[in-house]
Amino acid sequence: MRKNMNNLILITPTKEHESQVMEFREEMLKNGEGFYGCSGLNSVSSYDDWLDFEGRFKCLGWSPSAIYLGIRISDGKLIGMIDLRHELSGFLLKYNGQIGYSVRPSERKKGYACQMLFLVLKKAENFGYKKVLVCCNKANVQSARVIQKCGGALENEVVHEFSPPNRHDIIQRYWIETDCNS
């Protein structure tokens, strides 16, 4: 693990985080980023709709999950989001895994993704998970490094059957043990 691993805390979003979450959303959209681990933030029209992600997930038949905001302790700034999914359905088991995360573009390459992943592993352990599945696109070398730094062991690679035409996205599937003391 990197030094300075105590810069962030993970908190459950509330109404008081509305402006920061919507600023995060705008930065991600402006940069053409994917919203991994953001519980559908890109597809809602309002913060209140997003805040009801559990209700939306149940209606859509998605896996129940816990969404956390990665907040920098020194200034209270929203740095990223991370999602811990509680059930591994067929699609999640094959392509997405139990954890998804995004760091805002202006705060990347500072070790925050590792911190968020490490912190959510503690939460997963508290939920009783012995190990979790974390997936990334093989082309996303930075995400693969984050997963590996947090103890990810590559199980296999699969071709994503829903890749755009003439593109064969390869998904790397990593398992991470949640024992945070090792």
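The sulfur of C136 lies 7.8 Å from the closest cysteine sulfur, that of C135, which is too far for a bond. A search of the whole structure finds zero disulfides, a disulfide being a pair of cysteine sulfur atoms within 2.5 Å. This is a predicted model, in which local features need pLDDT of at least 70 and side-chain atom pairs count only at pLDDT 80 or more, while totals for chains, interfaces and linings use all residues. Residues are numbered from 1 along each chain as its sequence is written, and side-chain values use heavy atoms, with hydrogens and water left out.

- C114 is in no disulfide, and its nearest cysteine sulfur, that of C150, is 4.6 Å away.
- C114 is buried at a relative accessible area of 3%, where buried means under 20% relative accessible area, exposed over 50% and partly exposed in between (1.4 Å probe, protein chains only).
- C136 also counts as buried, with 6% relative accessibility.

- Helices (H or I, at least four residues) and strands (E, at least two) are DSSP runs, numbered from the N terminus.
- Strand β1 runs antiparallel to strand β2 (residues 65-72), and four bridges join them; two strands pair if DSSP finds at least two bridges between them.
- Within this pairing, L10 stands opposite G70 of β2.
- S65 lies in strand β2 and is buried, its relative accessible area being 6%.
- The side chains of S65 and D83 are joined by a polar contact of 3.0 Å. A polar contact is a pair of N or O atoms within 3.5 Å; within protein, one must be able to donate a hydrogen and the other to accept it, and residues adjacent in sequence count only if both atoms are side-chain atoms.

**Nonpolar cores**

- The largest nonpolar core has 29 residues, and I82, I99, Y101 and L117 have the most contacts inside it. Such a core is a set of buried Ala, Val, Leu, Ile, Met, Phe, Trp, Tyr and Cys residues joined through side-chain atoms within 4.5 Å.
- Elements giving two or more residues to this core include β1, β2, β3 (78-85), β4 (99-103) and α5 (112-126).
- Helix α5 supplies the largest share of this core, nine residues.
- Apart from neighbours within four places in sequence, L117 is in contact (heavy atoms within 4.5 Å) with I82, I99, Y101, V146, I147, C150 and I176.
- A second, separate core of 15 residues includes F24, F35, V44 and L78.

**Salt bridges**

- The count comes to 13 salt bridges, each being a side-chain nitrogen of Lys or Arg within 4 Å of a carboxyl oxygen of Asp or Glu.
- K15 forms a salt bridge with D48, with the closest N and O atoms 2.8 Å apart.
- This pair links distant parts of the chain, 33 residues apart: K15 is in the loop between β1 and α1 (18-30), and D48 is in helix α2 (residues 47-51).
- K15 is partly exposed at 42%, as is D48 at 45%.
- R25 and E26 meet in a salt bridge of 3.5 Å, N to O; R25 is buried at 13%, whereas E26 is partly exposed at 46%.
- K94 forms a salt bridge with E161, the closest N and O atoms being 3.4 Å apart.
- K94 is partly exposed at 36%, while E161 is exposed at 51%.
- Salt bridges that share partners join R72, D75, K77, E107 and K110 into one network.
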